[in-house]
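Dear colleague,

I am passing a structure on to you, and you will find it directly below.

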Amino acid sequence: MLVRHGLTVLLMVIAATGCQPHESAPEPVAVRAVVDGDTLEVYFGETPKTVDLCGINAPELEAPLGIEAKAALESLVYREGGQVHLVVTGRGKDGVTVAEAWFLSMPGEIEIHLNSEMLLQGLAVVNPDDVETCPNSNIYVGAENRAQENAVGIWER
């Protein structure tokens, strides 16, 4: 239910803020594992790599809502068979690949943007240190504000 509501809200946020379409959707990569609410392990070809979702911070596993954040990201990732598209935006201080991630709910249909979906669910916050490097950073604050207004996740009252 939350994912469906979040998707509706995300579509409204995208329409209002003008989410940038991807000029060419890269080939999807297989997700090996969801590490936590903002980190994936994926295969680039046969090579496993850790990928941090750009522009967001989710609670660590041992923190309140950390397990819920991981479960929400797993639910999104595995909803369409564990394949995601990535737009790599750089490397973090620790050398880890940083990227936006999304999948198509149906081939050629609605794009589900994982970074902003985690914000909409209130299971991540905008990371001011790297949000500007994300191609669709313009929707992040709106998604976080919507979670605050709806008092969900970490914003629950």
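**The disulfide and what surrounds it**

The count of disulfides comes to one. Please keep in mind throughout that this is a predicted model. The disulfide is formed by Cys54 and Cys134, whose sulfur atoms lie 2.2 Å apart. The pair links distant parts of the chain, since Cys54 sits in the loop between strand 3 and strand 4 (56-57), while Cys134 belongs to the loop between strand 8 (125-126) and helix 4, and the two are 80 residues apart. Cys54 has a relative accessibility of 0% and therefore counts as buried, and Cys134, at 4%, counts as buried as well.

**The nonpolar core**

The largest nonpolar core has 34 residues, and those with the most contacts inside it are Leu40, Met118 and Tyr140. Among the elements that give two or more residues to this core are strand 1 (29-36), strand 2 (39-44), strand 3 (47-53), helix 3 (114-120) and helix 4. The largest share, five residues, comes from helix 2. In soluble globular proteins, nonpolar side chains tend to be buried together.

**Helix 4**

In helix 4, which runs over residues 140-150, Tyr140, Ala143, Glu144 and Ala147 are buried. These residues cover an arc of only 100° around the axis, so they are on the same side of helix 4. An α-helix has 3.6 residues a turn, so residues three or four places apart point the same way. Tyr140 is also one of the residues with the most contacts inside the largest nonpolar core. Just after helix 4, Ala151 takes a positive phi of about 50°.

**The salt bridge**

The count of salt bridges also comes to one. In this salt bridge the side chains of Arg32 and Glu41 meet, at 3.1 Å from N to O. Side chains of opposite charge can pair when their charged atoms come close. Arg32 counts as partly exposed because its relative accessibility is 44%, and Glu41, with a relative accessible area of 22%, is partly exposed too.

With kind regards

Conventions:
Residues numbered from 1 in each chain as written. Predicted model: local features only at pLDDT ≥ 70, side-chain atom pairs only at ≥ 80, totals over all residues. Heavy atoms only, no water. Buried < 20%, exposed > 50% of the residue type's maximum accessible area, 1.4 Å probe, protein only. Helix = DSSP H or I, 4+ residues; strand = E, 2+ residues; numbered from the N terminus. Arc of directions from axis to C-beta. Core = buried A, V, L, I, M, F, W, Y, C linked by side-chain atoms within 4.5 Å. Disulfide = S-S within 2.5 Å. Salt bridge = Lys/Arg side-chain N within 4 Å of Asp/Glu carboxyl O.
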